[in-house]
Amino acid sequence: MKKKYSIFALIKNSLSYHENWQRAWRDAEPKKEYDAVIVGGGGHGLATAYYLAKEHNLKNIAVVEKGWIGGGNTGRNTTIIRSNYLWDASAGLYDHALKIWENLSQELNYNVMFSQRGVMNLAHNQHDVRELKRRTHANRLNGIDCEWLNVEQVKKFCPIINCSPDIRYPVMGSTLQKRAGTARHDAVAWGYARGADSMGVDIIQNCEVKGIKRKGDAIEGIETTKGFIKTQKVGVVAAGHSSVIANMAGLKLPLESKPLQALVSEPIKPVIDTVVMSNAVHAYVSQSDKGELVIGAGTDAYISYTQKGTHEIIEGTLKAILELYPIFSRLRMLRQWGGVVDICPDASPIISKTSIKGLYFNCGWGTGGFKATPGSGHLFAYTIAKDEPHSLNAAFNINRFVSGDLVDEHGAAAVAH
Amino acid sequence: MLIIKCPYCGERDHSEFSYGGEAHIIRPKQPTELSDDQWAEYLFMRKNIKGIQYERWNHSHGCRRWFNMARDTSNDKIHSVYKIGEKPSN
């Protein structure tokens, strides 16, 4: 049983110099057989295991992770959370996640530092204005909070934005979702890991999947670097490496894995208390609690699993950042990194059964998966446990690429993919 | 940063080139006879390989010609460059 984190636990443990805190999760070794195995110990995978144990009464579950938990894209993203998507299916999916975020720290007894500081999406031309106003209305019809700000209101809400009409791409207005914001990415993985572990889920790190064993059209188990694990249900949440796992099972997915970069500046005093995104010039920025500016860049055009992107992508992003925020011009950048993101042709995820019985995929989150972590895990757990999709992820099935019923968020999602 | 050796112009910075995706995907000869599954396979399904991938590139800010390349997507090492219609040398 896990001991509860509280102010009293903090005081008690301070008396022993914080040397006797209980381990947040066990370092498990694989058993011979599980009812379900989740491949990938990022936020989405750990959340899936957590909800399988909590809501579907499956207790014999393992999460296998190639490296360490939360070390992939969970630890590499820019932590932005929002649900202002255009299409009904996306709005349902991402707002489901946002509603879970709002109570997640309490539910997990783990502070995920969810901060509803608002997300702005800037418009820089007439088309942006029309498209973003349309999205504001679409969001409201779906019960998602969203408002339109004119230039004066933009300047008032976020004073450091350069609202001069003389810049190359002048700011002409913005949407604002006040319920949106950021969270501490590592804490999400750790909180779900601790919650899952307390319900008996085995979290197995440094355990890479090497093969998927099939018997006819059904799953028999997985080969890993720690031996064979027997199971009839495998849920793959491997992000950039989803196609690699799919190939092991003889499946092809409609994915391309590309490097996506982000960077942070040296820490400075608070200057920006919201998240500002701009699709047209591709620049988005927020400030972490440590004071670093967190800046998201774009993807490179070509497939690569190297976790590093090219310099010109960063250069393009920083050019846009500097025009929008001249105040940052003397700032030095502290760190830069890349992650491998799996992008679907319609820029929407896949949370789906496959043609192989007992094999499920949760992938294709592309450049924006972090925001969906709790909802993704919740719906994927439902899909695995019931062997059918929840109504909220039914549209995100893999067969949409055959039927043509795509959820085309490429231009609609308010950011460039 | 990739340095790509265009088969027509020689070595250039990759910012002069556009990526054209997986190579050797043949357009169906009789599109009207394809099933939905076959269309999905042709349009959307990709190997997305981690390892040596055969891919198309266009020297869009140079000679504007298409060519093929064999590149290891796990480390971005370029193994060979070959013209459209040719076979990779390795």
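## Charged and polar contacts between the chains

Between chain B and chain A there is 1 salt bridge in this predicted model. A:Lys252 and B:Glu41 form the salt bridge, with their closest N and O atoms 2.9 Å apart.

On the side of chain B that touches chain A, two or more residues each come from α1 (36–43) and β4 (52–58) of chain B. The largest share, 4 residues, is that of α1(B). Sorted by class, this side of chain B has 8 nonpolar, 7 polar and 8 charged residues.

## Extent of the interface

In the interface, 23 residues of chain B are in contact with 25 residues of chain A. The two chains bury about 2,100 Å² between them, and 57% of this area is on carbon and sulfur atoms. B:Phe44, B:Met45 and B:Asn48 supply 30% of the area that chain B buries against chain A, more than any other three residues.

## Nonpolar cores

The largest nonpolar core has 48 residues, of which A:Trp101 and A:Tyr192 touch the most other members. Elements of chain A that give two or more residues to this core are the strands β2 (36–39) and β3 (61–64), together with the helices α2 (43–55), α3 (88–108), α6 (185–198) and α9 (373–386). Beyond its neighbours within four places in sequence, A:Tyr192 is in contact with residues including A:Leu46, A:Tyr50, A:Ile100, A:Leu104 and A:Pro374.

Another core, of 32 residues, lies apart from the largest one; among its members are A:Ala62, A:Val234, A:Ala238 and A:Ile245.

Technical notes: Residues are numbered from 1 along each chain as its sequence is written. Chains are lettered from A and ligands numbered from 1 in the order in which they are written. This is a predicted model: local features need pLDDT of at least 70, side-chain atom pairs count only at pLDDT 80 or more; totals for chains, interfaces and linings use all residues. Side-chain values use heavy atoms; hydrogens and water are left out. Contact means heavy atoms within 4.5 Å. Buried area is the accessible area (1.4 Å probe) that two parts lose on being put together, summed over both. A salt bridge is a side-chain nitrogen of Lys or Arg within 4 Å of a carboxyl oxygen of Asp or Glu. Ala, Val, Leu, Ile, Met, Phe, Trp, Tyr, Cys and Pro count as nonpolar, Asp, Glu, Lys and Arg as charged, and the others, Gly among them, as polar. A nonpolar core is a set of buried Ala, Val, Leu, Ile, Met, Phe, Trp, Tyr and Cys residues joined through side-chain atoms within 4.5 Å. Buried means under 20% relative accessible area, exposed over 50%, partly exposed in between (1.4 Å probe, protein chains only).
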